[in-house]
Amino acid sequence: CVLQQYGCTERVSLHGVVQDFRSRLPNMDCFLLTSRRESFSRVAVEVALASVPLVAPRIPGLDEVTEGGRYCETFAVGDARGAAAAIRRVIADYSSALELAQEARARALETYSPPAVAAR
């Protein structure tokens with residue numbers, strides 16, 4: 001397992017498909033998004049609104065939500081080792097990752113909350 005090389009396996013839980021995704025977010029230390037393409041990532045917005053550190057691939061659909069990776073740790077599409085390294089960076093400096101997640105939340109509220117969208 002790639003994550004074993006980075007000492008992360010004892011911290012990783014794979015949940016598969018869940019019925020109520022948003023209810024699980026407050027219990028997560030970080031969220032790994034593995035999409036290969038996105039038009040707009042509602043999942044990334046929901047993760048940001050929950051103030052959960054995001055690890056995501058560098059793809060155009062996520063660039064809008066994350067401002068080109070400003071609000072998350074990134075990795076190249078399909079790069080499992082890069083994803084594991086990004087998770088490790090989040091865990092290694094978790095207080096900074098939480099601060100970044102708070103900034104992502106503030107931006108998501110400003111930009112993507114229903115009142116902000118309705119006003120535009």
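Trainee: How many residues does helix α6 have, and how far does α6 reach?
Mentor: Helix α6 spans residues 94-112, so to speak by its numbering, and has 19 residues. From first C-alpha to last, α6 reaches 25 Å, close to the 27 Å expected at 1.5 Å a residue. That expected span is 1.5 Å times one less than the number of residues. Helices are DSSP runs of H or I with at least four residues, strands are E runs of at least two, and both are numbered from the N terminus.

Trainee: What kind of model is this?
Mentor: This is a predicted model: local features need pLDDT of at least 70, side-chain atom pairs count only at pLDDT 80 or more, and totals for chains, interfaces and linings use all residues. Residues are numbered from 1 along each chain as its sequence is written, and side-chain values use heavy atoms, with hydrogens and water left out.

Trainee: Back to α6. Which residues are buried there?
Mentor: A97, A101, A104, R107, A108, T111 and Y112 are buried. They cover an arc of only 125 degrees around the axis, which puts them on the same side of α6. The arc is taken from the directions from the helix axis to the C-beta atoms. Buried means under 20% relative accessible area, exposed means over 50%, and partly exposed is in between, with a 1.4 Å probe and protein chains only.

Trainee: Which exposed residues sit on the face turned away?
Mentor: E99 and E110.

Trainee: And what does the buried side of α6 pack against?
Mentor: The buried residues of α6 pack against α3 (42-49), α4 (60-66), α5 (80-92) and α7 (114-119). Contact means heavy atoms within 4.5 Å.

Trainee: Pick α3, then. What is buried in it?
Mentor: A44, V45, E46, V47 and A48 are. The buried residues of α3 pack against α2 (21-24), β1 (31-32), β2, α4 and α6.

Trainee: Zoom out for me. How many helices and strands are in the chain?
Mentor: The chain has 7 helices and 3 strands. Along the sequence, the pattern runs α-α-β-α-β-α-β-α-α-α. Buried residues make up 39% of the 120 residues. Take the contacts with a separation of 6 or more: residues 24 or more positions apart account for 52% of them.

Trainee: New topic: holes. How many cavities of 30 Å³ or more are there?
Mentor: There are 2. A cavity is a set of points on a 1 Å grid over the protein atoms alone where a 1.4 Å probe fits but cannot get out, and lining residues have an atom within 4 Å of a point. Points are joined across faces, edges and corners, and the volume is the space filled by probe spheres set on them.

Trainee: What lines the largest cavity?
Mentor: Its lining has 13 residues, with A44, A48, V65, Y71 and A104 nearest the centre. α3, α4 and α6 each give two or more residues. α6 gives the most, 5 residues. The volume is about 100 Å³. The lining divides into 11 nonpolar, 1 polar and 1 charged. Here Ala, Val, Leu, Ile, Met, Phe, Trp, Tyr, Cys and Pro count as nonpolar, Asp, Glu, Lys and Arg as charged, and the others, Gly among them, as polar.

Trainee: What about the volume of the second largest cavity?
Mentor: About 40 Å³. Its lining includes A56, P57, I59, L62 and T66. β2 (54-57) and α4 give two or more residues each. The largest share, 3 residues, comes from α4. The lining divides into 5 nonpolar, 4 polar and 2 charged.

Trainee: You mentioned T66. Is T66 buried or exposed?
Mentor: Buried, at 4% relative accessibility. T66 is found in helix α4. Beyond its neighbours within four places in sequence, T66 is in contact with L54, Y71 and C72. The C-alpha atoms of T66 and L54 are 9.2 Å apart, at 12 residues along the chain.

Trainee: Last one. What is the phi of S51?
Mentor: Positive, about 60 degrees, although S51 is not a glycine. Most residues other than glycine have a negative phi. S51 lies in the loop between α3 and β2 and counts as buried at 13% relative accessibility.

Trainee: And what is the phi of E67?
Mentor: Near 50 degrees, again a positive value in a residue other than glycine. E67 lies in the loop between α4 and β3 (73-75). E67 is partly exposed, with a relative accessible area of 36%.

How values were computed:
1 Å grid on protein atoms, 1.4 Å probe; cavity = no way out; pocket = protein on both sides within 12 Å on 5 of 7 lines; lining within 4 Å.
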